[in-house]
Amino acid sequence: MEYRAYKFRIYPTPEQEVVLWQNIGAARFIYNWNVDQRRQAWVKNKEPLGYFKSSRKLTELKGQEEFSWLKKVSNVVLQQSLQNVETAFSNFFKKKTSYPKFKSRKGSRQSVRYTNSGFRFKEGGMRVAKVKGTIKVEWSRKLSSDPSSCTISQNASGQWFASFLCEEEIAKLPPSPNRIGIT
């Protein structure tokens, strides 16, 4: 089994856009905060800071008065940011990528990822955790299976998209007897 992403245009209302932007901002903040926490833990104590310790630190952070705004966004988003940092460091230690960088608010593509517990399909659209109402989705095809995650993004021109990750059997093409290339 392999994963395939299905991308659809979505049309959130202005009120829904505000909440989506709050979720995107919180996800970016937690990602950057966790990268910094891991760096500090290693520099100061030479101890690795894994996902579970980071999750406990996040709970402590949300309890602080100055970060109470984190309680207004979906916890699914915050936990997924911690998971994204875990994956980034894992890939770094496997020498697949460079050291994780901070995310910028000025990038052309802003996004937030929800696991399957953070969204539901309803009335021709989708419901997202902590977002009131149903977000209209422009369905252009059927999903091959129940999605495991949904990434909501906005491109540089202001269009919103939802990308669903579905597990499916992808058939391999038979080898072709015709060859193209330089020999």
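Me: Which residues in α2 meet which residues in α3?
Reply: From α2, Tyr 51, Ser 54, Ser 55, Leu 58 and Lys 62 meet Asn 75, Leu 78, Gln 79, Leu 82, Gln 83 and Glu 86 of α3; contact means heavy atoms within 4.5 Å. The contact residues divide into four nonpolar, five polar and two charged. This is a predicted model, where local features need pLDDT of at least 70, side-chain atom pairs count only at pLDDT 80 or more, and totals for chains, interfaces and linings use all residues. Residues are numbered from 1 along each chain as its sequence is written, and side-chain values use heavy atoms, with hydrogens and water left out.

Me: Why are α2 and α3 called oblique to each other?
Reply: Their axes come within 10 Å and cross at roughly 140°. Angles under 35 degrees count as roughly parallel, over 145 as roughly antiparallel, 65 to 115 as roughly perpendicular and the rest as oblique. So α2 and α3 land in the oblique class.

Me: What is the handedness of the crossing of α2 and α3?
Reply: Right-handed, meaning that the near helix is turned clockwise from the far one by less than a right angle.

Me: What makes β3 and β4 a pair?
Reply: Two strands pair if DSSP finds at least two bridges between them. Four bridges join β3 (residues 119-122) to β4 (residues 125-128), and the strands run antiparallel. Arg 120 stands opposite Arg 127 in β4. In the turn of this hairpin, Glu 123 has a positive phi of about 50°.

Me: How many bridges join β4 and β5?
Reply: Two, in the antiparallel sense. Met 126 has Ile 135 in β5 as its bridge partner.

Technical notes. Axes fitted to C-alpha atoms, helices over the stretch in contact; angles between N-to-C directions. Nonpolar A, V, L, I, M, F, W, Y, C, P; charged D, E, K, R; others polar.
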